[in-house]
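Please study the sequence and the structure shown here, and then work through the two exercises.

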Amino acid sequence: MFARRKASTSTASEDETVALKTSPPLPRFARAADVLAAVFFLVGTIALVTPGMEFHLGFVHLSMRSAWRPYLWALLVLLIRNWLVPKPASLDWLMRRANGPLPFEERRLFGEGLTWPQRIARLLLLVLVFGAMTVALTWPQVRHLDSVPDMGDPLFSIWRIAWVSHQIVRDPARLFHGNMFHPEPLTLTYSDSVIVPALMSAPLFWLGVHPVLVYNLLLLSGFVFSGVTMFLLARALTGRIEAGLIAGAIFAFYPYRYEHYPHLELVMTMWMPLTLWALHRTIASARLRDGLATGLTFALQMLSSLYYGLFLAVYLVPLGGALWLARGRPRRPLLMLGAGAALAVVLVSPVIYAYTANRAMVGDRGVPAVQFYSAEGPDYLKPHFRSLIYGRWAEGGNPERQLFPRVMPVALTAVALWPPLSVARIAYTLALIVALDGSFGLNGGYYPLLYSYVGPYRGLRAPSRFSILVGVTLAVLAAYGVTRLLERRRRHAPMVTAVLLGLILFEAMPRMPLERVWPAPPPIYASIAAEPAAVIAEFPMPTAPLGYYFDTRYLYFSTFHWHPLVNGNSGYFPKSYEEMTERERDFPSDEAVDYLRRRRVDYVSVHGAFYDPATFRRIVSALDGRQDMTLVVAAPWEGSESRLYRLAR
């Protein structure tokens, strides 16, 4: 169907097309087969995004629980139809514009003749625009940069980025050996190591900026830069600034981002649009620098979020494959992408090596956990409680599976997908199907194969996070939808743009409950500053897996002193930690204290602010009465007292 087209380094423009050959009239049988295949495809899609369908017609019982059976029927009908009537090909009308050529719609993919100062000025302007949107929509957070959504994952992320900035300049060879879960090795690999976000924030740590402020500035930058990079991609594809603004706003404030607001790495999505931009350029131009840019931006995304890197690798296959086929399967772009892949491997290999070295310890995610965090169709109709507009319907949603994309992105995508189509729209439609199915995880079509046969995917707990790429695709397709609307309403383009942008931002308004973080830890740690290798056990300790997040506050405290801790928090908990929390249930009994001694603990801290007063008094009295515990310092903190004891060996 596509005429072969040699990859060109010339500027991609609005009139770049794939020629479509003139075809004979379509027989009625073939037209009926096309319609039947479309019906099967529609039924499969409905089954994909809903719990399924069930009908009772008299004695006939029809049930459709899986999307793949109607998809297979659709494929079979199309194969038979195209074997019997090969020309014109099935659904050819979708790709025709009055029997004319099929446009690529990569309108400003290459340079506009701007000088470097002009490019920098435009980039700064974009940062200001999306920065202003971010301030407006996250105003409670901007007003309270000393606060976080909760005392779990945000404190853990503060520890991660602070640890990398601390260790990278002191002992980079031991970067992955965090100071938690002592004496376990490679503890930074128990979760995402967020290397790139940590390096982005490192200068602020080195300048002495408070860790909570650094974290919040970094978190908000994920909104801003994601909007900026999506603008650049959408502008390159559509050629319109208005479409770039709309797409950038959709992606910057996509609802998934609010659901994962406490998860720093899941907000750092700014490299995805740049990877797609570089991919388009590589396939269109076959230039080495574009191939290397694809590999570089992919590696940056992988090193910002391992989840997203693995998901993006899958997403690029249908998107890049469709673009490549449309250009006549040229060989040179594949070579350039191969060079980019080699660069990505070089950049991520130190991190992959560390995770591989700890593979035996961490192991795979079990099927029950992966199944629970695999989305189902109704999850895309369930908003998150942080949505100010739709949050009232959030009740009954599952964690990490409240994936409602809001109305405006879907409506603009529908406008974009109304025929006639283009190469880019078809490619992103295929990518949307792959992203949507990927978010269904073990409920989907291909993810069970990834889980079974591709090792890294067995380490991922939440396939539903694939839905961020649904957001990427909706933003791109929405840009095409905006372009189509504005081309039909040229005289009213500013008003239409303002209305659409206003509706998108209105839908994106969040609820942002926050908790203030302590500006400083208890002052007791200063008394052992001269003993940087001294091991500390912090109390109270959590007593059940669901309470393990409690130790994140001790990780936060450790960013002020960096002593090794037997406490810790991560996506994985070693056996030694689980054993310790079990043994310390009756602390400070003889058995509990003896266990700490065997774990080579030097100091024990107890924090009255985290106990009820009666329990704290009982524990302090017991510790003061022990011969093997020596009080080093007691200091007031947060309306109570924190005490540090030396444990005799």
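The model is predicted: local features need pLDDT of at least 70, side-chain atom pairs count only at pLDDT 80 or more, and totals for chains, interfaces and linings use all residues. Residues are numbered from 1 along each chain as its sequence is written, and side-chain values use heavy atoms, with hydrogens and water left out.

**Exercise 1.** Determine how strand β8 (residues 603-607) is placed in the structure.

*Solution.* Step 1: strands are DSSP runs of E with at least two residues, numbered from the N terminus. Step 2: Tyr603, Ser605 and His607 point one way from β8, while Val604 and Val606 point the other way, and all are buried (under 20% relative accessible area, 1.4 Å probe, protein chains only). Step 3: 5 of the 5 residues of β8 are buried, so the strand is largely enclosed by the rest of the structure. Step 4: strand β7 (residues 536-539) pairs with β8 in the parallel sense over 4 bridges (pairing requires at least two DSSP bridges), and Phe539 stands opposite Val606. Step 5: strand β10 (residues 640-647) runs antiparallel to β8, joined by 5 bridges, and Tyr645 of β10 stands opposite Val604.

**Exercise 2.** Describe the packing of helices α10 (residues 271-285) and α11 (residues 288-304).

*Solution.* Step 1: helices are DSSP runs of H or I with at least four residues. Step 2: the axes of α10 and α11, lines fitted to C-alpha atoms over the stretch in contact (heavy atoms within 4.5 Å), lie 8 Å apart at an angle of about 160 degrees, on a scale from 0 to 180 degrees between N-to-C directions. Step 3: α10 is therefore roughly antiparallel to α11 (an angle over 145 degrees).

Methods. Buried < 20%, exposed > 50% of the residue type's maximum accessible area, 1.4 Å probe, protein only. Parallel < 35°, antiparallel > 145°, perpendicular 65-115°, else oblique.
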